[in-house]
Amino acid sequence: MKVNLVLGAGGARGYAHLGVIHALHERGHEVVGIAGTSMGALVGGVFAAGGLDAFTEWVRGLTRNDIIRLTDLTLAAPGLIRLHRVMKELQRFIGDVRIEDLGIPYTAVATDIDQQREVWFRSGPLIAAVRASIAIPAVFTPVRIGRRLLVDGGLLNPLPMAPTMDMPGEVTVGVSLFGKPPGLHVNAPSEESSDEANADHTEVASDADQQSWTTRIGESVAESWAGRQVSRLLAPPAPGEKAFEDLPSDVNLIDLLGRTLDLMQGRIEIARTVLNAPDVLVWVPMDACSVLDFHRGEELMNLGHGLAVAEFDRMGL
């Protein structure tokens, strides 16, 4: 069957897209159109450019140390991490191909932060379109293309269904990275007291073997000159001085940004897909990993494959 494939945003969980694509191929389906946002634009772009097999093998071999080596921290730019090293690696799988020269229709979605609107890339250098689409605000540095200041497409459209409307597939398969476990999810406000006596100050201990690599990134920032100056500003109050903030010790800046974006994009995706849902939707759990756990490729690919097989069986695809 001819498939239009929609690959959603969600950071490292996007490795699950590789498993879904593998499941489609196992069943003899042909992907004839791709729309992607953020990590979905990256995986979809590599696929459309013919570099998926080599990219998959590279992802399987990535370790935490590799991720740190590829991380170019900056405290003097509008983002914590530059992506120059990452894009240099990615170009090995994409090359210098232009979107209009790809073998199948492809759309990468980014966000124009000044005009507050989506930008669809359907022509021009593929590598530039992917770079714009993956620029998670405040985490990765934004990019300028022409007069546009561009950030992650998931900011406005985490699962871009609309670009597939003119693509030639018989069925549309979407992969959402914001799935929740089965059961009742109550979204009504929770009324609480701000009395300190009722506050939960329990600190969550982290297992060193399970720590996100972002913990080490946070430590690197803290050890820098600028980090030390910030630490002085955030030092605990002197004895006898009232503390108005009890800073949590189990969350770092990058993890908090990732969780904030997950919450926001998950809600946006629900609203946008109510009126324009894919024929088949594979849900990857939001708690499968954090946004920046890029060293867990094998695990997440296997997860995506298993979820896809189960959903394809259920839908008769």
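Helix α10 has 19 residues and reaches 27 Å from its first C-alpha to its last, close to the 27 Å expected at 1.5 Å a residue, where the expected span is 1.5 Å times one less than the number of residues. The model is a predicted one, in which local features need pLDDT of at least 70 and side-chain atom pairs count only at pLDDT 80 or more, while totals for chains, interfaces and linings use all residues. Residues are numbered from 1 along each chain as its sequence is written, and side-chain values use heavy atoms, with hydrogens and water left out. Helices are DSSP runs of H or I with at least four residues, strands are runs of E with at least two, and both are numbered from the N terminus.

Within α10, Gly297, Leu300, Met301, Gly304, Ala308, Glu311 and Phe312 are buried, that is, under 20% relative accessible area, whereas exposed means over 50% (1.4 Å probe, protein chains only). These residues lie on the same side of α10, because they cover an arc of only 100 degrees around the axis, the arc being that of the directions from the helix axis to the C-beta atoms. What covers them includes α1 (16–26), α3, β10 (171–179) and β11 (280–285), whereas the face turned away from the buried side carries the exposed residues Asp313 and Arg314.

Helix α3 (residues 52–61) packs against α10 (residues 297–315) at an angle of about 125 degrees, with the axes 7 Å apart. Thr56, Val59 and Arg60 of α3 make the contact with Gly297, Glu298 and Met301 of α10, contact meaning heavy atoms within 4.5 Å. After α10 comes glycine 316, whose phi is positive, near 70 degrees.

Note on methods: Axes are lines fitted to C-alpha atoms, for helices over the stretch in contact, and angles run from 0 to 180 degrees between N-to-C directions.
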